[in-house]
Amino acid sequence: MLTTKPEHAGAQLTIDLAAICANWRLLRARLERATCAAVVKADAYGLGAACVAPALAAAGCRHFFVAHLDEAIALRPHLPEYTALYVLHGSPPGAEGEFLAHDLIPVLNSLPQVDAWTALAGRQGAALPALLQVDTGMSRLGLSAEELAIVASDQRRLDGIALRYVMSHLACAEQQDHPMNRQQLAAFREALRALPQARASLANSSGIFLDRDYHFDLARPGAALYGIAPIAGQPNPMRQVVRLQGKVIQVRGIPAGAVVGYGATYRAGSTRRIATVTVGYADGFLRSLSNRTVAWFGETPLPLVGIVAMDTITLDVSELGAEALQPGSLIDLISEQHPVDALAQEAGTIGYEILTGLGGRYFRHYVGG
Ligand SMILES: Cc1ncc(COP(=O)(O)O)c(C=O)c1O
């Protein structure tokens, strides 16, 4: 569903493109030698790749990553020709020709993907650009050490691949002292010995905040661009990107003893005023936030009481003056005071899930573009 008028929408999502670009510059500044890419998969983590990626390209970003072929086909027309658009999952079997047709670069994650790509290169009579992913301990995608040795020793395969980067992905980088980081770094260095001329890419957002050893030639940040804290338990150096505002549609007084919402999970201990706000779990405002979060009206925190419903939440607004809220008043759900990571923690999840789950019913307002 596309909401085109703010006055019709239940809630508003403001996305600060200037903040995303500032975050990209901050990450790039941490990389002394390496190039800084941008991961814009899952519709730029829910924020709209068709707006986010061109803004980043205008800021100087030249390398973009999505997960699926179809995401890349949809995004390619929004990006300048001189940018590289990589598909993390590589080609589905038989779809390799689409990469040439749309100027896309696959990440080759398995021997069959390598073989299909080199076969296409053979038919084209020229090596074709690709990234090669190696598994360094996450056991998710990429060649094992043995498979890499097979590729590295086969001139026919190597001749078919114009290798842009060898890449791998860190499993625990947001925990800076996690032993897995060093183990993966060692495994990655070992893998690179098989292809000593190749450029390399390892770091995601959090990897950029590990020491320089992790930076290699290309970093692939996603979450930090969108304001998510890259280091667990430390102050967030990234700029806030998202503001989510729900709209009040009704305010009512309730007596002591009255209950609120499905399942009657909240019972008023005294006379209260309750505002009904039009955002719910169908908008990605998770049900696990029931009775567990606060919204803000200016400087006033407003506890969410009762269960998050499909289209509405209910807030205790008794702290506000009786006339402070009217139908149409906007209440902050994600904001500077209450960033996405705080909401995620209250919901028992991570900021990534909150952002990528943001629904299609918001009026989306892009600023700073
Ligand atoms: C292979 C790969 N590289 C980079 C990223 C970006 O990671 P982050 O959003 O933590 O910066 C992801 C995200 O999941 C990924 O799968």
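The sulfur of Cys21 lies 9.2 Å from the closest cysteine sulfur, that of Cys61, which is too far for a bond. The structure holds 0 disulfides, a disulfide being a pair of cysteine sulfur atoms within 2.5 Å. This is a predicted model, in which local features need pLDDT of at least 70 and side-chain atom pairs count only at pLDDT 80 or more, while totals for chains, interfaces and linings use all residues. Residues are numbered from 1 along each chain as its sequence is written, and side-chain values use heavy atoms, with hydrogens and water left out.

| Residue | Relative accessible area | Class |
|---|---|---|
| Cys21 | 7% | buried |
| Cys172 | 12% | buried |
| Ser168 | 1% | buried |

Ser168 is found in the loop between strand 8 (161-167) and helix 9 (179-193); helices (H or I, at least four residues) and strands (E, at least two) are DSSP runs, numbered from the N terminus. Leaving aside residues up to four places away in sequence, Ser168 touches Gln133, Val134, Asp135, Thr136, Phe188, Ser201, Leu202 and Arg220, contact meaning heavy atoms within 4.5 Å.

Helix 2 (41-45), helix 10 (205-208), helix 11 (340-347) and helix 12 (351-356) each supply at least two residues of the lining of the largest pocket.

Notes
Buried < 20%, exposed > 50% of the residue type's maximum accessible area, 1.4 Å probe, protein only.
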